[in-house]
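Student: Could you help me learn to read a structure, one feature at a time?
Tutor: Gladly; let us look at it together.

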Amino acid sequence: MSDQETTTKLLPKDEAAAKGLVNVHIDGNWIQVPKGTRMIEACKIAEKEVPHYCYHPKLTSPGNCRMCLVQMGMPPRPAPGADPVFGDDGFQEIGWMPRPVIACANTVAENMGIRTTGDLVEKTREGVMEFLLINHPLDCPICDQAGECSLQEFSVEHGRGQSRFVEDKVKKPKNVDIGPRVNLDDERCIMCSRCIRFMDEVAEDAVLGFSERGTHTTVTCHPDRKLDSNYGMNTIDLCPVGALTSKDFRFQMRVWFLKETKSIDVNCGTGCNTLIWTRGSQIYRVTPRRNDEVNSEWMPDSHRLAFHEVQGDNRLTDPMIKVDDKHEITDWHTANTAVADALKQFEPSEIAIIASARQTNEELFLTHTLASTLGAENIATVERIGEADGKLISADRNPNTNGAKLILGETTKKLDSIKAGLNDGSVKALIVLSEDIFEAAGFSHDDLANAELVVSSHIIANATAKVSDIVLPGASFAEKRGSMVNVLGRLQRLNQALQPAGNAREDWEIIRDLILALTGEPNDLYMIEEVVKVIAENIPAFEGMTFSKIGEQGIKLIETGVEIPLLTKERERASAGIIVG
Amino acid sequence: MAKVTKLSRPTLTKSDEIYLIGIFKGTLVTLKHAYQSVFGKSRGADGLKSSGLGITMQYPEEKWDDELPEYYRGAPALVTDEQDRERCVSCQLCEFICPPKAIKIIPGEIPEGDTWAKVEKRPQEFEIDMIRCIYCGLCEEVCPEQAIYLRKDYSITGTSRAEMVHNKEKLYEIGGKRVGLVNKWNELK
């Protein structure tokens, strides 16, 4: 007997168990998934869609929407004394349960069967949809969620064309001012509680909750509070229906007109991954994009709404040269030649460059090339230190401090020597790139009194542009391509969602053309990819890097030892099994 | 394989070749119609609302307007309902479906305190470029609020491109009031 056992082939369950996996039978196929996986995640691995509303991998699973009901089966328990029977394929026969179970809060087990289709599952979904739609208003034409609404999507698949509900619908508050940036429509709410859980678990400001009972259940804000957390707008993205909508985006544009561009946030060192939603030449909204290494799925409101800054009337759209104390519009060739001619009047030691850690790596590298072309050694960047919020916002408000360090070296200290040089007359010409030196670097007009030439590039009109002899209009974060290194040392990519406003140009092109005007020699840099290639050849940390290698999720470039507090907490919760993560 | 029949040219007789008989026959037909038109006896003249001279209608002095069928597709226009509410809620589905991209809508919010504040949304600006419009009627078909209809106006002219763009005011002027439609935004809503 024992001889026979040792010679028999290992059963699939033992093979899987050795690797910490279990065998699950999903819609006719056996697959292996890690032990402890939620059924809904196992279905995702098997590429079977399970419709759901309340489940979210980054939040706890209360299982209250009932949309993810599937049919489940386990091998029948053997009678006392009997051994389990394994078939030819090594699996036990599955005894299907007559009633469905929720896939979001149950975990898989060895030899479990899951059916995501079939009569029982279809009927269940239709039933749940019908209940969810009983009191749902016919608001789709005026609802901002239309077009990206799970309720719309699943009602197409599992709903009925006509309502059988003849009674009056339950009335609830509509258009409720729940916070400075968020609007609530209680009639549209399907009580999935994602927003409540997010505010409690991730934003750690539990201001939302349910009140009333039964069909009158209503999402409400705590009576003395508002949903004013800086992470409050994430509830809008989380809301599977149109109950929570953005005040900023309210009735601006239907989502099906908008083009999505994958990019990153440039308002702090974290560099949250984002989607920029545009139509024509306008940004309509910015939303977070999932990146488990950087921002999970969230983004602070202040950064989300920062795009309005570059859409004002104060955009610079043409190169300008100051004539008799007045800026006159000119073309790029004239402006570049004017800059080159003017700079040639000065000794290299008399020229200083104030670059910015808001520039992309490509712009910084070309700035470095510009400095060596001029022979200028005075090159500084401006530090921007704010307060970290203990979640996603980094204390470093420059998006590319690490990139600037890698390419230009330690440059923040040189700012004072440039200021001193301007005051004692040893620095006479100043090139300012993407910085307002009055606001950010603490320069005063007295400091610039001796400066004979100020050349600057900006996105919007500011004090530095006003005092500049030549102003070159640059592109905003949404109008250019480039890469940045965030506080974690992760190299990430900016993508172009719009064309630069008016005659403005991408900043790396501006600097390239300046170098061209100075040297008069062509440099073969026509595309951003070619600049990255040159960086990879010259900067050791970028060795072997290409623009496409960075990818949508970025790539770890250097080790900085910095951690993002929100991610640390999320990982703790995931390893404790509270969330899927 | 379809069957191919080769046709040969008819062989003409000498009298056919000189054409004179054919020309004479043709002239007779023309003269017959000339007689009928002068004496008001043209076939179909009544049905075609003839001016009395042949079957020709003297456009634009005379027009077809009363004869247009119910399903005629003229200029698209916005309508109000019996309570004088703008039916359009600027959902922009017509803008989306419009094949020549003739429609441009800027959505707007209905301010609090307005009689129809509960509708929340209405067009701030609604423009149809009549140079682009192809009168296909998809906007009418797609509208979930029964707010846009193709009316019987077909003579849309102007002396500049700007004049050919119908703004919201003009669209409501053409559209007018339409009664008996679904009253979705009623007091129960």
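**Reading the model**

Student: How many helices and strands does chain A have?
Tutor: Chain A has 17 helices and 24 strands. Helices (H or I, at least four residues) and strands (E, at least two) are DSSP runs, numbered from the N terminus. This is a predicted model, where local features need pLDDT of at least 70, side-chain atom pairs count only at pLDDT 80 or more, and totals for chains, interfaces and linings use all residues. Residues are numbered from 1 along each chain as its sequence is written, while chains are lettered from A and ligands numbered from 1 in the order in which they are written.

Student: Into which domains is chain A divided?
Tutor: Domain bounds come from an automatic or database domain assignment. Here they give domain 1 (16-127) and domain 2 (320-560) of chain A. The centres of these two domains, taken over C-alpha atoms, are 56 Å apart. The whole C-alpha trace of chain A spans about 100 × 70 × 40 Å along its principal axes.

Student: How do strands S15 and S16 of chain A pair?
Tutor: Two strands pair if DSSP finds at least two bridges between them. In chain A, S15 (residues 320-323) and S16 (residues 326-329) are antiparallel, with 4 bridges. A:Ile321 stands opposite A:Glu328 in S16(A). The hairpin of S15(A) and S16(A) has 2 residues between the strands, and A:Asp324 takes a positive phi near 50 degrees there.

Student: Where do chains A and B touch, and how many residues take part?
Tutor: Two residues are in contact if their C-beta atoms, placed from the backbone, lie within 7 Å. Chain B brings 14 residues to the contact and chain A brings 9 residues. On the side of chain B that touches chain A, strand S2 (residues 103-109) of chain B gives the most, with 3 residues.
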